[in-house]
Amino acid sequence: MTDARALVWFRRDLRVHDNEALSKAATADSLLSVYCVDPREYGPREYGGADSFRFEKTGPHRTRFRLDSLSDLRESLRERGSDLLVRRGRPETVLPDLAETLGVDTVYFHTWPTPEEMTVEAAVKSALRAADVDLRRFWGHSLYHVNDLPTSYREIPDTYTPFRKSVESDASVRPTFETPSSLPPLPDAVSESEAGTLPTPSELGVDGPPDDERAVLDFEGGETAGLQRLDEYVWERDCLREYKETRNGMVGADYSSKFSAWLNEGCLSPRRVHEEVKRYEDERISNDSTYWLLFELLWRDFFQFQLAKHGGQFFTREGIRERDDIEWRDDETQFERWAEGETGIPFVDANMRELNRSGYMSNRGRQNAASFLVNNLRLDWRRGAAYFETQLVDYDPCSNYGNWAYIAGVGNDSRDRYFNIVKQAKQYDGDAEYIKRWLPELESLPPAKAHEPWTLSADEQREFGVELGVDYPQPMVELEASYEKLR
Ligand SMILES: Cc1cc2nc3c(=O)[nH]c(=O)nc-3n(C[C@H](O)[C@H](O)[C@H](O)COP(=O)(O)OP(=O)(O)OC[C@H]3O[C@@H](n4cnc5c(N)ncnc54)[C@H](O)[C@@H]3O)c2cc1C
């Protein structure tokens with residue numbers, strides 16, 4: 001049976017390919033696609049709970065990415081004879097209003113397992129049910145479907161390896177949904193002029209992002225750019241064949257896939273990436289690298305299902321391990337120095353400045369910057385995670401809070417995880433190319449000194465023209481001593 005009038009509520013699924021909600025709604029007589037610009041997602045917010053603090057919910061990089069993505073989605077829907085209605089307001093208010101005015105029979109949407117998304121969804125559901133509208137809910141943002149896991153998500157292991165092994169041996173990835181080539185017409189009462197304009201970042205109270213040519217990539221939002229990046233990375237530039245060897249790099253567009261931003265705003269489906277990898281394995285080469293990209297996507301899935309399992313517990317300071325033996329500190333000045341990239345530890349500072357300027361940071365960088373905050377400074381890990389939430393172009397609640405909790409020792413690892421930052425810097429940025437890119441004030445230093453400028457003698461400072469405490473900060477903490485406390 002088909003619905004007479006369908007409404008698709010777009011959330012972080014801003015694509016027409018492999019979109020189950022859209023595909024299923026495409027059999028209706030008329031179709032309305034709606035995106036709600038929810039004011040709760042912008043501006044300063046309380047973190048919530050005990051020891052709360054304030055932070056900016058969505059910063060310039062992700063705001064721009066999202067607005068680009070909406071514009072691209074609207075274009076794709078128009079090409080298919082439809083449109084995207086953009087409304088500013090809470091979905092639980094906007095959607096029932098529209099449903100009532102237009103006589104919508106069924107609302108189609110994707111679901112996410114995280115507390116904020118679930119709260120909104122619950123409010124939408126109850127308002128629509130009260131208005132006698134049917135609801136159809138789909139799971140579509142992970143590689144493996146939640147219903148295809150070998151056990152219920154409530155029973156998955158809390159460590160990655162057993163999870164991965166069980167999924168790899170006892171589950172399979174579903175095929176993608178076909179991209180509709182045309183869509184049902186808009187309801188009679190809606191014309192193109194009523195589609196609504198997209199807000200500008202400043203209308204949302206967010207600055208425009210800085211333009212910095214040092215960014216690894218110009219992260220242009222939208223499905224078109226996401227599919228283009230997939231094609232370029234896998235086929236045109238043939239990077240997949242050596243992904244495992246390059247993935248720990250730090251400079252340039254191609255050391256890793258950079259798919260994350262498109263995956264997390266839903267411009268790119270992980271199942272589509274999976275299909276491309278499989279095709280590449282058939283047509284070019286199947287090796288450790290092709291497998292490793294799927295291995296990393298499975299980390300993404302792991303955190304999605306972990307958040308589904310543990311819910312709000314993930315966002316508490318004690319984490320899922322309920323650890324109350326760590327004495328977290330609160331020091332605003334120290335936190336600001338970390339956030340601004342002014343710690344005096346070049347590997348941390350370069351990464352934080354890259355994040356602030358571009359919205360992106362490599363996985364290696366994220367591990368070290370996070371470890372410094374939580375292990376060397378022992379500042380509340382949730383503040384670091386919330387800062388990443390603001391800044392990251394590819395922020396995802398599960399991957400972000402899951403990884404932060406992991407490094408803070410309150411998440412999915414029974415060991416304490418800390419990184420030897422100088423050792424890591426020398427290993428992954430041996431010639432100091434990366435840190436000099438983001439800290440040009442250290443350009444004149446030989447690599448070893450650039451990684452440890454605090455070892456410069458007064459004579460060397462004069463010789464290289466780098467005065468500590470003037471041109472570049474003195475380290476805010478004595479690294480070795482701060483490790484001692486952890487051993
Ligand atoms: C403290 C910290 C915070 C993080 N916050 C986020 C976040 O908010 N959003 C996010 O997508 N990733 C996050 N990550 C994971 C990882 O750093 C990024 O996914 C990766 O750097 C994105 O670049 P890429 O797409 O080129 O990755 P690639 O190396 O090309 O990996 C391919 C894909 O696998 C997934 N992936 C890879 N590593 C991880 C991982 N450790 N955890 C989960 N998924 C992974 C991503 O979807 C990624 O796009 C975080 C890691 C740390 C240590």
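Asp396 and Arg12 are both buried, where buried means under 20% relative accessible area, exposed over 50% and partly exposed in between (1.4 Å probe, protein chains only). Their side chains meet in a salt bridge, at 3.6 Å from N to O. A salt bridge here is a side-chain nitrogen of Lys or Arg within 4 Å of a carboxyl oxygen of Asp or Glu. The model is predicted: local features need pLDDT of at least 70, side-chain atom pairs count only at pLDDT 80 or more, and totals for chains, interfaces and linings use all residues. Residues are numbered from 1 along each chain as its sequence is written, and side-chain values use heavy atoms, leaving out hydrogens and water.

**Salt bridges**

- Asp396 lies in the loop between α14 and α15 (397-408), and Arg12 in the loop between β1 and α1 (20-25), so this pair ties together parts that are 384 residues apart in sequence.
- Helices (H or I, at least four residues) and strands (E, at least two) are DSSP runs, numbered from the N terminus.
- By the salt-bridge rule, the count comes to 48.
- Side chains of opposite charge can pair when their charged atoms come close.
- Glu116 forms a salt bridge with Lys57, with the closest N and O atoms 2.8 Å apart.
- That pair links distant parts of the chain: Glu116 sits in helix α4, Lys57 in the loop between β4 (54-56) and α2, 59 residues apart.
- Glu116 is partly exposed, at a relative accessible area of 40%, whereas Lys57 counts as buried at 7%.
- Glu460 and Lys449 also meet through their side chains in a salt bridge (3.5 Å, N to O).
- Glu460 belongs to helix α19 (residues 458-464) and Lys449 to helix α18 (residues 447-451), so the pair ties together parts eleven residues apart in sequence.
- Glu460 counts as partly exposed, at 23% relative accessibility.

**The five-stranded sheet**

- Five strands form an open sheet in the order β5-β2-β1-β6-β7, with parallel pairing.
- Two strands pair if DSSP finds at least two bridges between them.
- β5 (84-88) and β7 (134-138) stand at the edges with a single partner strand each, so one side of each has no neighbour in the sheet.
- On average, neighbouring strands of this sheet are turned by 25 degrees against each other, direction ignored.
- Strands β1 (residues 5-10) and β2 (residues 30-37) run parallel and are joined by six bridges.
- Leu7 stands opposite Leu32 in β2, and Trp9 has Val34 of β2 as its bridge partner.
- β1 is mostly covered, with five of its six residues buried.
- In a regular strand the side chains alternate between the two faces of the sheet.

**Helices on the sheet**

- Helix α2 (residues 60-79) packs on the sheet and touches β1, β2 and β5; its direction makes about 145 degrees with that of β5.
- Helix α4 (residues 115-130) lies across β1, β6 (106-110) and β7, running at about 155 degrees to β7.
- Contact means heavy atoms within 4.5 Å.
- Axes are lines fitted to C-alpha atoms, for helices over the stretch in contact, and angles run from 0 to 180 degrees between N-to-C directions.

**Helix pair α12 and α14**

- The axes of α12 (residues 346-358) and α14 (residues 381-391) come within 9 Å and cross at roughly 40 degrees.
- Met352, Leu355 and Asn356 of α12 meet Tyr387, Phe388 and Gln391 of α14.
- By class, this contact has four nonpolar, two polar and no charged residues.
- Ala, Val, Leu, Ile, Met, Phe, Trp, Tyr, Cys and Pro count as nonpolar, Asp, Glu, Lys and Arg as charged, and the others, Gly among them, as polar.

**Two loop residues**

- Tyr42 is found in the loop between β2 and β3 (44-46) and counts as buried at 8% relative accessibility.
- Leaving aside neighbours within four places in sequence, Tyr42 is in contact with residues including Lys57, Arg66 and Leu204.
- Asp254 sits in the loop between α7 (243-246) and α8 (260-264) and is partly exposed, at 23%.
- Not counting residues up to four places away in sequence, Asp254 touches Arg229, Tyr233, Arg237, Cys239 and Thr246.
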